[in-house]
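Subject: Structure handover and notes

Dear colleague,

Please find below the structure I said I would pass on to you. My notes on it follow directly after.

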Amino acid sequence: MKVTRVIVAVLASLLTCSAAMADSYMVMGSTSFQSALQPSVVVSLPKFDDLGGSLTLTGVLVEFFHDGSVELEGDNDDPFDHGQQLFVQGQLIRSWSVAGPGGLNSGATKIVNTALVPLGPDDNDGGNNDVFDNSAPDGHDFGAVSYATLTVSHPGQPLGAYSGLGTADFTFTPDAISQTLNFAPYVPDAWQLMVENPILNLKVKVTYSFTPEPSTLSLLGLGALALIRRKR
């Protein structure tokens with residue numbers, strides 16, 4: 001019974017040492033787009049370095065982060081009210097996809113709508129409908145329409161795809177970067193939209209979890225067995 005208690009204590013000590021020596025580090029890269037017509041971009045990150053076999057990769061977590069914004073202004077150039085109150089809403093759409101090591105495919109779509117804003121019939125914009133005017137009653141400045149950073153996580157990635165020489169390559173594609181005005185209950189015969197500073201920001205972070213190589217833990221085990229023998 002005494003020997004059993006010693007063995008259990010030693011095993012618990014080994015597990016504690018193993019957990020204590022587990023560690024991680026992360027690498028990160030980023031890119032951005034202003035138009036869905038832009039070509040795909042490859043972000044290359046270093047693969048896991050085992051430092052000549054002294055480290056053992058135990059886990060790979062891949063995380064993608066995205067945010068988007070745009071500045072919107074609108075002008076109603078329809079001189080008729082069609083017998084109904086007109087409302088306008090600004091809209092931002094961001095959609096992207098990414099392909100990575102080990103057959104990883106990911107992406108996301110985010111749609112942001114502003115509140116509905118009342119619009120009056122065209123006030124002739126100083127006598128020239130070709131002039132853009134975002135002032136009330138027939139125009140509106142929405143300011144910055146945006147969304148805060150969102151995360152897409154992919155834990156448990158295949159270790160072989162992220163270890164060894166070379167780089168882990170992620171190919172980002174902007175599938176949709178658009179902004180528009182939505183009207184209700186009718187669409188004006190003529191209207192103008194002013195768009196400034198559209199952006200889609202993308203980041204990738206890879207976290208490598210690792211432990212010392214098995215022979216290091218084996219040495220600890222041999223020391224523990226010697227301790228057991230002395231106890232016996």
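Among contacts in the chain between residues at least 6 apart in sequence, what percentage join residues at least 24 apart? The figure is 84%, where a contact means heavy atoms within 4.5 Å.

Before the details, please note that this is a predicted model, in which local features need pLDDT of at least 70 and side-chain atom pairs count only at pLDDT 80 or more, while totals for chains, interfaces and linings use all residues. Residues are numbered from 1 along each chain as its sequence is written, and side-chain values use heavy atoms, with hydrogens and water left out.

The secondary structure comes to two helices and nine strands, taken as DSSP runs numbered from the N terminus (helices are H or I of at least four residues, strands E of at least two), and the order along the sequence is α-β-β-β-β-β-β-β-β-β-α. Of the 232 residues in the chain, 36% are buried, that is, under 20% relative accessible area, as against over 50% for exposed and in between for partly exposed (1.4 Å probe, protein chains only). The chain exposes about 12,300 Å², of which carbon and sulfur atoms supply 57%, with areas from the Shrake-Rupley method and a 1.4 Å probe.

The structure holds one salt bridge, a term used for a side-chain nitrogen of Lys or Arg within 4 Å of a carboxyl oxygen of Asp or Glu. Glu63 forms it with Lys205, with 3.6 Å between the closest N and O atoms, and the pair links distant parts of the chain, since Glu63 belongs to strand S3 and Lys205 to strand S9 (residues 191-212), 142 residues apart. Glu63 counts as buried because its relative accessibility is 14%.

Two aspartates deserve a careful look. Asp78, in the loop between strand S3 (55-76) and strand S4 (86-100), is buried yet has no salt bridge, the nearest side chain of opposite charge being Arg94, 26 Å away; here Lys and Arg count as positive and Asp and Glu as negative, while His and the chain ends are not counted. The side chain of Asp78 does make a polar contact of 2.9 Å with that of His82, a polar contact being a pair of N or O atoms within 3.5 Å, where within protein one must be able to donate a hydrogen and the other to accept it, and residues adjacent in sequence count only if both atoms are side-chain atoms.

Asp122, in the loop between strand S6 (117-119) and strand S7 (139-154), is likewise buried without a salt bridge, and Arg94 is its nearest side chain of opposite charge at 26 Å. A polar atom of the Asp122 side chain lies 3.2 Å from the backbone nitrogen of Asn124. Beyond four places in sequence, Asp122 is in contact with residues including Asp77, Asp78 and Asp138.

Finally, Gly90 lies in strand S4 and is buried, with a relative accessible area of 0%. Gly90 and Val145 are 55 residues apart in sequence, yet 7.9 Å apart in space, C-alpha to C-alpha.
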